[in-house]
Amino acid sequence: MKLAVFSAKPYDKIYLTQARASELNPTVGDIEITYHEFALSPETVPLATGVDAVCVFVNDTLTPAVLTSLRTLGVRAILLRCAGYNNVDLATATDLGLFVANVPSYSPEAVAEFAVALIQTLNRNTHRAYNRVREGNFALQGLLGRTLHGKTVGIVGTGRIGVSFARIMHGFGCKILAHDPYPGDALGRYGGEYVALEELLPSSDIISLHCPLTDSTRQLINDKTLSQMKPGAMLVNTSRGALIDTRAAIAALKRKHLGGLALDVYENEGALFYNDHSGTIIDDDELMRLTTFHNVLICGHQAFFTEEALHEIADVTLQNLGDFVNGLECKNALVRLGQNPEPLVRKDTVPIRL
């Protein structure tokens, strides 16, 4: 069994290993893993020649053309080491008879905790204070924040991460409002209330996005919805970059309607995130404009990045591989193969429970 890992980083080589694969799946036999630092794309797909499976991440591109090329090269399985699958054409994968599986949940607390870290950093200006003190400046002017206790927090998307986030914000003494087309019972434990998005937006001091990227949620935050938000509210996105219309967000910041913006994801992050561009010119004008605002905080899609999450991602990915090799039913499969092949999810209607 040969596995090619695309978009591989040094930490992937620590957790996603041949030894761990053999430990989790002793009946599979030897698994030979090749790591490629670059993303899977039409240009790099020939490097999958001779492998049985590929392992991909959020910014790899699996279009119909790429999937067809993979199948022609002999690839039979696609392993996503992430929850989102909007970068995979599942209908084409089904037609080609490709096994596709993801990691639907990994340490939801990691992402929820990071969302809170973004909120408190931006709210209490700890990043600015850190830089000031390093220069001997201990002045407090410009560092004024707000107490979270008693504030209303709106959560868009109440899967595992959204509920974990609600639990933390409830601990701060916040009122919890939520919107999700598929409400769950867990939110009630934290005093949360489901409301329409049109009610959540003008009522919330902080809005945090925890929903998947589908046709119906793409640019969910746009000129119209931003105008419905409470003046001075903070917007946080640790989910998918394209949930926010970047140009609309910039306009809302410029007219001082949006009080703060904290991003761990970005609409056009594919060509930038997870790589060092400090020695080059970044030609993304919208991203660069965002960095000029004092009330904007941007990180490079690191909310998931904890030891516990990396362990879980690697283990579930390798267990999915074991199910494929052994011909077992995989609980994380995204397509059904066999006599009646079909995608098990539809990107336009069925949510990922992030």
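I started with Cys211, which counts as buried at 6% relative accessibility. Buried here means under 20% relative accessible area, exposed over 50%, and partly exposed in between, with a 1.4 Å probe and protein chains only.

I noted the ground rules next. This is a predicted model, where local features need pLDDT of at least 70 and side-chain atom pairs count only at pLDDT 80 or more, while totals for chains, interfaces and linings use all residues. Residues are numbered from 1 along each chain as its sequence is written, and side-chain values use heavy atoms, with hydrogens and water left out.

**Cysteines**

I looked for disulfides, meaning pairs of cysteine sulfur atoms within 2.5 Å. The structure holds zero. Cys82 is in no disulfide; its nearest cysteine sulfur belongs to Cys55, 8.5 Å away. Cys82 is buried, with a relative accessible area of 0%.

I took helices (H or I, at least four residues) and strands (E, at least two) as DSSP runs, numbered from the N terminus. Two strands pair if DSSP finds at least two bridges between them. I found an open sheet of five strands in the order 2-1-3-4-5, with parallel pairing. Strand 2 (32-35) and strand 5 (99-101) are the edges, each pairing on one side only. Strand 4 (residues 77-80) and strand 5 run parallel, joined by three bridges. Leu79 stands opposite Ala101 in strand 5.

Helix 12 (residues 307-326) packs on this sheet, touching strand 1 (2-5), strand 3 (53-56), strand 4 and strand 5. I counted contact as heavy atoms within 4.5 Å. The direction of helix 12 makes about 160° with that of strand 4. Axes are lines fitted to C-alpha atoms, for helices over the stretch in contact, and angles run from 0 to 180 degrees between N-to-C directions.

**Strand 6**

I then checked strand 6 (residues 152-156). Five of its five residues are buried, so the strand is largely enclosed by the rest of the structure. Thr152, Gly154 and Val156 lie on one side, Val153 and Ile155 on the other. Five bridges join strand 6 to strand 7 (residues 175-179), running parallel. Val153 stands opposite Ile176 in strand 7. Strand 9 (residues 206-209) is also parallel to strand 6, through four bridges. There, Ser208 is the bridge partner of Ile155.

**Thr92**

My last stop was Thr92, in helix 4 (residues 90-95). Thr92 is buried, with a relative accessible area of 16%.
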